[in-house]
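Colleague: Can you put the model up? I'd like to go through a few things.
Modeller: Here it is.
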Amino acid sequence: MNHARTADGMLIALDIDGTLMSFGGTISPAVREAVTGLVEAGAHVVLATGRSVVATVPVAQDLGLDTGWAITSNGAVTVRLDPSLEDGYELTETITFDPEPALRVLSLELPDALYAVEDLGRGFLVSAPFPEGELGGDHRVVSFDELCSAPSTRVVIRSPKSTPEEFHELVERVGLHEVSYAVGWTAWLDLTPGGVSKGSALEELRRALGVEPFATVAVGDGSNDLEMLRWAARGVAMGHAPEAVRAAADEVTGTIDDDGVVAVLRGMLSAVK
């Protein structure tokens, strides 16, 4: 497989939670230093995350990525970062779907679950309060009918009584064919428009930026990173990622506790020094 030999002009897609940021919400100085070095070397460093826009932009700014691009809502929203804009960004691509069919069928199976629909640029409409810190932005509790009423970029279902395995089985059983889905580490299910993923959004961005396919790298740790890791010429899974994610990658680095992403980023930097 051909890999770019220098960072200049590369597209480097990085997941946030569990990749750049610890599960406790910390980004290490070593990660910041490596990201800054790659940007200075001419790479397109792109955050690619399941987070909403309002939960992604502060992380980008914390990393010094105040210009460039970010992929949010698991590929449904593409953002151009620009500090001259009022909010520091603008939406350049937004893909929505009708959440009602999926919400109705899932609510029959999981009547006690928490449901959230992204309220783009603000936060989420929720069926009931989520645990603090789990969703970014503002939250507004609304009726279930209102949750179902408007096109959305992302739906979140949280069911503490369910396991990830039960979520997988549920999706297969009810046949959510019109959406894409990713099951989280715990009782968490993300729904996005059918055919949309981090990988599909990154491919659109790659073409727009004129980056060659061989000059792409992606690092991630979750099931919502599978398409992104397969898309990249060099897909790197974090060491703590589930087996299916590690199997989809070209290589595996250290865990989040080891700051495994740093070795990957420094390796690309060393090629230009």
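Colleague: How do the residues lining the second largest pocket divide into nonpolar, polar and charged?
Modeller: The lining has 6 nonpolar, 4 polar and 2 charged residues. Nonpolar means Ala, Val, Leu, Ile, Met, Phe, Trp, Tyr, Cys and Pro; charged means Asp, Glu, Lys and Arg; the others, Gly among them, are polar. Bear in mind that this is a predicted model, where local features need pLDDT of at least 70, side-chain atom pairs count only at pLDDT 80 or more, and totals for chains, interfaces and linings use all residues. Residues are numbered from 1 along each chain as its sequence is written, and side-chain values use heavy atoms, with hydrogens and water left out.
Colleague: Which residues line the second largest pocket?
Modeller: W69, G75, T78, T92, E93, I95, V196, S200, A201, E204, L205 and A208. A pocket here is an open set of points on a 1 Å grid over the protein atoms alone, where a 1.4 Å probe fits, with protein on both sides within 12 Å along at least five of seven lines; lining residues have an atom within 4 Å of a point.
Colleague: Which element gives the most to that lining?
Modeller: α6, with 5 residues. Both β5 (89-94) and α6 (198-209) supply at least two. Helices (H or I, at least four residues) and strands (E, at least two) are DSSP runs, numbered from the N terminus.
Colleague: How much space lies in the second largest pocket?
Modeller: About 200 Å³, taken as the space filled by probe spheres set on the grid points, which are joined across faces, edges and corners.
Colleague: Different topic. Is T49 buried or exposed?
Modeller: T49 counts as buried because its relative accessibility is 1%. Buried is under 20% relative accessible area, exposed over 50%, partly exposed in between, with a 1.4 Å probe and protein chains only. T49 sits in the loop between β2 (44-48) and α2 (53-62).
Colleague: What does T49 touch?
Modeller: Leaving out residues up to four places away in sequence, T49 touches D15, I16, D17, T56, I71, T72, S73, N74 and K198. Contact means heavy atoms within 4.5 Å.
Colleague: And where is S223?
Modeller: In the loop between β12 (216-220) and α7 (226-231). At 22% relative accessibility, S223 is partly exposed.
Colleague: Now the whole chain. How many helices and strands?
Modeller: The protein chain has 9 helices and 14 strands. Of its 273 residues, 52% are buried. Its C-alpha trace spans about 55 × 40 × 35 Å along the principal axes.
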